[in-house]
Amino acid sequence: MVRFFGRPGDESNLVSLNVTGLGVKYDGQAVRSIRCHELVAESLGRVLRRISEGPHRGILAKYAGCYNPRSMRGGKRPSKHSWGAAIDLDPDHNGLKTSWPIAATMPIEVMEKFAREGWIGLGWQIGRDSMHFQPTR
Ligand SMILES: [Zn+2]
């Protein structure tokens, strides 16, 4: 991870991904750009644009963060958010303790749009925390 993405929390690897017009909102406020790792920006931009063009575009209004230097919940290893290489969507209905797809509401079509770019949805991979997507394990 470090060899590929650099040090966690190193903001010199971040770029501003322009998401104007895609309907992305954070806490109800329109978001014009997302700070993310330069190596994932293009791919993330394609995923978000495809979601915005589909029937589940409303999920983008529940964007809940990308770059955030912190450890994984309940662990010491840095989260992929520490590299700006993860994104959270609709945490209210797709939390850490909400099992997917039984209770969590993350649409399979959204997961497929991420998967098409090689991103992993945790709901799919571990059956919970389905808000969270990252481009690698
Ligand atoms: Zn996350």
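This is a predicted model: local features need pLDDT of at least 70, side-chain atom pairs count only at pLDDT 80 or more; totals for chains, interfaces and linings use all residues.

Visitor: What makes a set of residues here a nonpolar core?

Guide: Its members must be buried nonpolar residues joined through C-beta atoms within 7 Å. The largest such set has 29 residues, and Cys 36, Leu 44 and Leu 48 have the most contacts inside it. Among the suppliers of at least two residues each are β4 (33–37), α2 (41–52) and α3 (108–116). With five residues, α2 gives the most to this core.

Visitor: Which residues does Leu 44 touch, leaving out those up to four places away in sequence?

Guide: Leu 17, Cys 36 and Ile 87. Each counts as a contact because the C-beta atoms lie within 7 Å.

Visitor: Why are the buried residues of α3 said to line one face of the helix?

Guide: Val 110, Met 111, Lys 113 and Phe 114 are the buried ones in α3. Seen down the helix axis, they fall within an arc of 155°, so they line one face. What covers them includes α2, β6 (120–121), α4 (122–126) and β7 (132–134).

Visitor: How do you know that β5 and β7 pair?

Guide: Pairing needs at least two bridges. Two bridges join β5 to β7, so these antiparallel strands qualify. In one of them, Ile 87 has Phe 133 of β7 as its bridge partner.

Visitor: What makes β5 and β6 edge strands?

Guide: The open sheet runs β5-β7-β6, with antiparallel pairing. β5 (87–88) and β6 each have a single partner strand, so one side of each is left without a neighbour in the sheet.

Note on methods: Residues are numbered from 1 along each chain as its sequence is written. A residue is buried if 20 or more other C-beta atoms lie within 10 Å of its own, exposed if 12 or fewer, and partly exposed in between; C-beta atoms are placed from the backbone. Helices (H or I, at least four residues) and strands (E, at least two) are DSSP runs, numbered from the N terminus. Two residues are in contact if their C-beta atoms, placed from the backbone, lie within 7 Å. The arc is that of the directions from the helix axis to the C-beta atoms.
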